Structures are given as structure tokens and as C-alpha cells.
Amino acid sequence: MSRPASAALMPLGDALGLLGAAAKPVAERLLPLGAARGRISAGAVGALRPLPACLVAARDGYTVDAVAIGGASPYAPVPLSHGSAWIEAGDALPPGADAILPPEGLEEYGAVVDVAPREGTRGPGDDLAAGERLLVAGERIGPLQILALAMAGLDSVAVRVPRLRLVVTGSATPDGLSPLLTALIEDRGGEAERVAVPDDEEAIACAIRAGEADAVLVLGGSGYGRTDRSAAGLARAGWLHVQGIALRPGETAALGEAAGRPVLVLPGRPEAAFAAFLALGTPLLARLGGTREAPGMPATLLRKIASVIGLAEIVFVRRHPEGVEPLGGFELPLRRLLQADGFVLVAPEREGHPAGDQVEVRPL
């Protein structure tokens, strides 16, 4: 089968529309905080009560009435009242005390330094107010969010964890794509399972239909060669919506639906599979997780990018202090791809970008 002309390729925006229509946010899952790092919050979470709930010590020391020891100094020590006592950080202050005298502020005859009211303490809600937002829906949960949830007294959180099935076709070795895509999926809050099948339409179709995943990625066999049978396997498993996307690299990517879930067929070459995943798989994961893609950051191009009109183009870049260096995209050697730490998506209506242009650099 011959490769279609670029005019017959589906625009990237249309392909994203098809994927978005086929995918919906996955069901919520309750996870303990220890397992929630990197996952996507399923909903907003707020503090149930103020933290702390009352006036507490922020440091170890002696509880005092600040006014009662006003003016204390080594030359004029002020005896502590009988209500003063040693207290540990985090403990509630007793009635009548409103400050913490540091250990070195007490000598034999009394306080030798004065403190201001509330010094060395935390008042109700100083850390968190009741109802204060700790997470928003679709937020990636990081270590600091876990700290806030734990301090607020929560031991679990509702998340969305997209599960993707990776169908590896053919017998070519080594298989570099499934480890790459597994890492990319996990970095975006999802889970991946891998299954290997031969280049056989029925075997590919069975692998697509099987399992409990929320979406399927078929790796390899997306083209028009004699051994490329992934698109035909998808058609046998369900519906092949399109084979051929106006995306460079990654023109042979295909997409469809089977068993009620979206299916994306990726090319077998690493740079093309990576590019197609960034352009199509990342938005799919974001849709399944109920979140948005990570935003790009503006940067100055150190060299020009030349692109083909009519094709959206992924160009991998390397960051430098003064800007970003384009590394290329189509048929990019692995040694160059390994230098990439971001990418630029060139719009199909552009012939590229001149050196010095400000471009949006998206994370890998």
C-alpha cells in the first residue's frame, strides 16, 4: 500500500477533536497519601478546620505573659509567674500565656529578655484557614500538596489515574518504545500495562479489545509497508477513524475506537512515536485525567526552524541560558534526540521560525 499525499492527511486539530470526543475523564479512585504523588486530583480539597485550632508554641521554651515581662534584661531580670512552664513546639499554650520565652532568655533570677505578644507562637488558622483550598480539580499532586493534606488531617485523596494498554507489535528488538511511553505516561499521572503481539491483524485486534484499560496505544506497524498491520488490526477490533495525520514526524499515526475506548496507533521509529505521543497522546491523557496539559514557556530561538507548510511539526530543542537550540524532528538520530529537553510545535500554516523568534517551548 502506498503512502498518501500530505493533502489526504487529517489536520492535527481535527485528530485531536476526534480523540477528545472518544475520551472522557476516568472514574475517581481513593488513594492513600503515600501513593498519591504525581497523580491528578479528582476534585477540589479544602481544609476541614483551622490549623492550628488554638494558640500553640512555634518553638520550645517557656510560656509567659509578654506584658508581665516587658523590659526584662540581664541587668533587670523579671521573675516569671507561677503560671509559666516549659512547653514543646506544637503544644497548646495554657490560659494566661501569649508568648514563648526562648530557653536562653531565662536565668536564675528570672527572664532576662522581653518578648512581644504572640512571639514564638502560631494562632488559630495561621497555617491553614478553615475551608482553605489545598487542591483544585485536575491539579498534579506533588510533595508539598501531600504535606498540606497530611497536616490538615487527611490520610487519602480522590484522584483520577488513566490506565493505558501498550500493544507492542512485531518481533523487532530491542523494544525501546514501551519503556519510553510507560515513563511518559507515569510522569503524567497514569499507569501503563504492556502486551506484545506478532504482526498479525487478528492478534493485534484481540490485544486492542482485551483488558480493562481506559485507552490503548498500539506501538509500531502504523505505516503502509507489507508488514504494517496495526491500522488493519484496529479496524478489525472496532473503528479506524483515520490513518495519516498532518504531523511531522508521525504522519502515519492512526486513531480510532474499540471496546468503548480510544485507540492511538503510533509509528515504530522512536522520534516519530515520541512526537506523535506528545502531539496526540499527551492531550489524550490530560482528557482522561480531567486535567490540562502542562503549559509551555517562551524562549528565544538560537537558530532558525524550517518547516513544511500544511504539516504541524514537532521540533525537539535543547535549552541554553541564552535560549533554545533546535535539534530537529523528522528522522532525528537517537544521539540528537537524547539531547532534547523540550519541543516546539510549529503550526501548519507556518514555514518555520527565524532565529531570534520567541517560541513556546513545551516540556517533554
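Two strands count as paired when DSSP finds at least two bridges between them. Keep that in mind as you look at this predicted model, and start with strand 18 (residues 254-258) and strand 19 (residues 261-266): five bridges join them, and they run antiparallel.

As a reminder, strands of a sheet pair through backbone hydrogen bonds, either parallel or antiparallel.

Next, follow strand 15 (215-219) towards helix 5 (230-237), and in the loop between them you'll come across D228. How exposed is D228? It's partly exposed, because its relative accessible area of 29% falls between the 20% limit for buried and the 50% limit for exposed. Leaving aside residues up to four places away in sequence, D228 touches G221, S222 and G223. T169 is 59 residues from D228 in sequence, yet the two C-alpha atoms are 9.2 Å apart in space.

Finally, have a look at the second largest pocket, with a volume of about 330 Å³. Its lining has 15 residues, and R140, R188, T282, E293 and A294 lie nearest the centre. Helix 6 (residues 270-289) supplies the largest share of that lining, four residues. By type, the lining splits into seven nonpolar, two polar and six charged residues.

Technical notes. Residues are numbered from 1 along each chain as its sequence is written. This is a predicted model: local features need pLDDT of at least 70, side-chain atom pairs count only at pLDDT 80 or more; totals for chains, interfaces and linings use all residues. Side-chain values use heavy atoms; hydrogens and water are left out. Helices (H or I, at least four residues) and strands (E, at least two) are DSSP runs, numbered from the N terminus. On a 1 Å grid over the protein atoms alone, a cavity is a set of points where a 1.4 Å probe fits but cannot get out, and a pocket is an open set with protein on both sides within 12 Å along at least five of seven lines; lining residues have an atom within 4 Å of a point. Grid points are joined across faces, edges and corners, and a volume is the space filled by probe spheres set on the points. Ala, Val, Leu, Ile, Met, Phe, Trp, Tyr, Cys and Pro count as nonpolar, Asp, Glu, Lys and Arg as charged, and the others, Gly among them, as polar. Buried means under 20% relative accessible area, exposed over 50%, partly exposed in between (1.4 Å probe, protein chains only). Contact means heavy atoms within 4.5 Å.
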